[in-house]
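Trainee: I have a new model open and would like to learn how to read it. Can we go through it feature by feature?

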Amino acid sequence: MLDDIWVDDAVFALRPDFAVLVMTAHGLRNGPTDDRSRAWLAEASACEVQTDKIDAWKDAYRGFGAKPQRTRPSVDALTRRMPLPEINQAVDAYNSISVKHALPIGGEDLDHYAGPARLVRATGDEASEEALGQPDPGEVIWRDDLGVTCRRWNWRQVARTRLTEETTNAIFLLERLEPMSLEELKQAGEELADLLSELSPEVRISSRLLSDGK
């Protein structure tokens, strides 16, 4: 899927500073939270909240008509849940990197995708899980061939592609706006890859950066 993922030009028109580092992890061995992933969460929970980066996401939400105080960017919601919740090892890994860098990260089960992931402005008639509701026209959404996979850029993911303890192939979406630099985005990706490799020494990780409409 990695080479087929794309971001619509309408999203870059909304935020030219947007970039996403897409990572795939094949051969992942996930499991329940353990002392190792618990330590990752504790370290991230001790980090100072980087409000300038979070504020950039709030501005992006306002740009397509969302109210960020009602449907918060994922990293904003995470930083309000300290200490970080324990989910499973892979989710703990990316949540810890998300908070450390004030970087929205989505992690999903690659085997539950239908066709490639793409980031678009919604038409409003996309298929969506009932719990998430229907996207508004113009809303930024991640989707695949079946419909919405994440509403309001990175607000909430669908249950269909959720990372579980049984997940063996995963996709991670690390989403950047200024003032985060592309260098820090790449560093965050390397740190996440290191944590996933700790969990699964045989994991095969690939990545691709999408930015500037390319």
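Trainee: How far apart do the end C-alpha atoms of residues 55–201 lie, and what share of the span is helix and what share strand?

Mentor: Keep one thing in mind before any number: this is a predicted model. The end C-alpha atoms of residues 55–201 are 36 Å apart.

Trainee: Which feature does UniProt place at residues 55–201?

Mentor: The record gives "domain: B3/B4 tRNA-binding" for residues 55–201, and the entry is unreviewed. Such annotations may be inferred rather than shown by experiment.

Trainee: Now the sheet. In what order do the strands of the open sheet come?

Mentor: Read a sheet by its strand order, then by the sense of each pairing. Here 5 strands form an open sheet, ordered β1-β4-β5-β6-β7, with mixed pairing. β1 and β7 are the edge strands, each pairing on one side only.

Trainee: Do β1 and β4 run parallel or antiparallel, and how many bridges join them?

Mentor: Strand β1 (residues 6–7) and strand β4 (residues 118–121) run parallel, joined by 2 bridges. Take Val 7: its bridge partner in β4 is Leu 119.

Trainee: In what sense do β4 and β5 pair?

Mentor: Antiparallel, over 4 bridges, with β5 covering residues 140–143. Arg 118 has Arg 143 as its bridge partner in β5.

Trainee: What is the general rule for side chains along a strand?

Mentor: In a regular strand, side chains alternate between the two faces of the sheet. For one residue, look at accessibility and contacts too.

Trainee: Is Thr 149 buried or exposed?

Mentor: Thr 149 is buried, because its relative accessibility is 0% and the cut-off for buried is under 20%. Setting aside residues up to four places away in sequence, Thr 149 touches several residues, among them Glu 108, Tyr 113, Trp 142 and Arg 143. Its contacts also include Arg 156, Gln 157 and Val 158.

Trainee: What follows β6?

Mentor: Look at the loop between β6 and β7, where Arg 152 is found. Trp 153 is found in that loop too.

Trainee: What is phi of Arg 152, and what is phi of Trp 153?

Mentor: Phi of Arg 152 is near 50°, a positive value in a residue other than glycine. Trp 153 has a positive phi of about 70°, and it is not a glycine either. Arg 152 counts as buried because its relative accessibility is 16%. Trp 153 has 0% relative accessibility, so it counts as buried.

Trainee: Next, the peptide bonds. Which residue is joined to Pro 83 by a cis peptide bond?

Mentor: Read omega for this. Met 82 is joined to Pro 83 by a cis bond, with omega about -5°. Pro 83 is in the loop between α4 and α5. The bond from Glu 178 to Pro 179 is also cis, with omega near 20°. Pro 179 is in the loop between β8 and α6 (182–199).

Trainee: What is the volume of the largest pocket, and how many residues line it?

Mentor: The volume is about 730 Å³. The lining has 28 residues, and Ser 74, Tyr 94, Trp 155, Arg 156 and Gln 157 lie nearest the centre. Elements giving two or more residues to the lining are α4 (74–79), α5 (89–101), β3 (105–109), β7 (156–157) and β8 (169–176). By class, the lining has 14 nonpolar, 8 polar and 6 charged residues.

Trainee: Why does Leu 209 count as partly exposed?

Mentor: Leu 209 counts as partly exposed because its relative accessibility is 31%. That value falls in the class between buried, under 20%, and exposed, over 50%.

Methods. Residues numbered from 1 in each chain as written. Predicted model: local features only at pLDDT ≥ 70, side-chain atom pairs only at ≥ 80, totals over all residues. Heavy atoms only, no water. 1 Å grid on protein atoms, 1.4 Å probe; cavity = no way out; pocket = protein on both sides within 12 Å on 5 of 7 lines; lining within 4 Å. Points joined across faces, edges and corners; volume = space filled by probe spheres on them. Nonpolar A, V, L, I, M, F, W, Y, C, P; charged D, E, K, R; others polar. Buried < 20%, exposed > 50% of the residue type's maximum accessible area, 1.4 Å probe, protein only. Contact = heavy atoms within 4.5 Å. Pairing = 2+ DSSP bridges.
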